[in-house]
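Here is a short tour of one protein chain, written to be read with the model open beside you. Have a look at the fold before moving on.

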Amino acid sequence: MRPTAKFSLSFGLVTIPVAAYNATDPTAAVSFVRIHTADGGRVRNQPVCSLEGTEVSPDEIGRGYRTDDDAVVPLTDDDLDALPLPTAKTLTILAFVAGGDIDPLQMGKGYYLGVDGPAAAKPYALLRDTMERHQRVGLGKIALHGRESLAMIRPVADVLVMQVLLWPHQIRPMAGVLPEGEVKVAANEVRAAETLMDSFGELSEDDVHDHYREALEEIVAAKLAHREPAFEAGEERPAGQVHDLMAALQDSVRAAQRARGETEDTEGTEGADGTAGSGGGARPAGRTATKTAPRKSTAARKTVERQPAKRTAAGTAKGGTAAKKSAAAKRTGTKGAGTKATGSGKGAEKTVGTARGKAAAKQTTGRGRKAG
């Protein structure tokens, strides 16, 4: 790999000669060429002189700076090398900040920085290990390809990486992008969205694979072979406007769980109106009638079955109250002289509690027999 530039990395009074290598490969991206649709011929961008109207060879093309009055001033490589800017040959680190302080919108092209000579190895490793230990990145300025840019230096594995940053004035304002008016989001919708986020899991190798490029290459191969392209049947994702946000969130969670082979578990999720529900929230009317109706009929049957048992238990409790009072009186009479009248009252309350427990036990036993 050939370096694209060589300069010095200044860290206080420590100078590290480095060579910059392109960290990205633009040729690996999908690209198209322009063709003439009538005959398939290539349409090329020919460098043509605006004054002579003739094609210009690459060795005759130089640089020029256009002024505000649309005049063009020629500039040579010697003119650019004579610029009195320290950033033309040296990247001086101005500050060390946390990586999270850098706006991702400012991230530009990345370069690997390698040592340029044996003497640079030790200070290179020192700067790399220090930034790694303190979780900091370095900010500075460097002139590359005829322009000065902000740059961020950060350690990646055992290599220092330089990321070119856009200037703050190059980031456009956000005016006109935000939704008009205030948008209110319910608390249960936020919880459902958090559940969906947790269900995504980790990225896999297949997730970061360029399937579009493979599919495009298959189309090209099929056209060359005069055949139909062969694609694997993929799952079609639903598209369109979301009319029920909670239902869409819940369906997304269930789909993610099914994709990982997990058991669906939506218990304890609140509905769209804030009440607890088995599905976790509001659903379309058709789907609710289909899934919930059997549960309601089952619950209704259980309620009908329980009613006689409740009445029987109530009758038993009422009918047995007199007997309990009598039994309590007898026990009060047989107690020793130290037993007070209030003790018989407590005994009666205890007996009533026992009767209630027996009635509940009978009811439970009855349910168990029916279930069996």
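## Helix α4 and its ends

Helix α4 covers residues 211-224, and its 14 residues at 1.5 Å a residue should span 20 Å, which agrees with the 20 Å between its end C-alpha atoms. Keep in mind that this is a predicted model.

At the start of α4, Asp210 places a side-chain oxygen within 3.4 Å of the backbone nitrogen of Tyr212. Just after the helix comes His226, with a positive phi of about 55°.

## Two positive phi values

Most residues other than glycine have a negative phi. His226 is an exception to look at, being a non-glycine residue with a positive phi. His226 sits in the loop between α4 and α5 (245-259) and is exposed, with a relative accessible area of 75%.

Asp70 also has a positive phi, near 70°. You will find Asp70 in the loop between β3 (63-66) and β4 (72-75). With a relative accessible area of 55%, Asp70 is exposed because the cut-off is over 50%.

## The largest nonpolar core

Which members of the largest nonpolar core touch the most other members? Among its 21 residues, they are Phe7, Leu9, Leu91, Leu113 and Met162. Elements giving two or more residues to this core include β1 (5-11), β6 (107-115) and α2 (121-134).

Of its 19 lining residues, Asp81, Ala88, Ala143, His145 and Gly146 are the closest to the centre. At least two lining residues come from each of β1, α1 (77-81), β7 and β8.

Conventions: Residues numbered from 1 in each chain as written. Predicted model: local features only at pLDDT ≥ 70, side-chain atom pairs only at ≥ 80, totals over all residues. Heavy atoms only, no water. Helix = DSSP H or I, 4+ residues; strand = E, 2+ residues; numbered from the N terminus. Expected span 1.5 Å × (residues − 1). Polar contact = N/O pair within 3.5 Å; in protein donor to acceptor, adjacent residues only side chain to side chain. Core = buried A, V, L, I, M, F, W, Y, C linked by side-chain atoms within 4.5 Å. Buried < 20%, exposed > 50% of the residue type's maximum accessible area, 1.4 Å probe, protein only. 1 Å grid on protein atoms, 1.4 Å probe; cavity = no way out; pocket = protein on both sides within 12 Å on 5 of 7 lines; lining within 4 Å.
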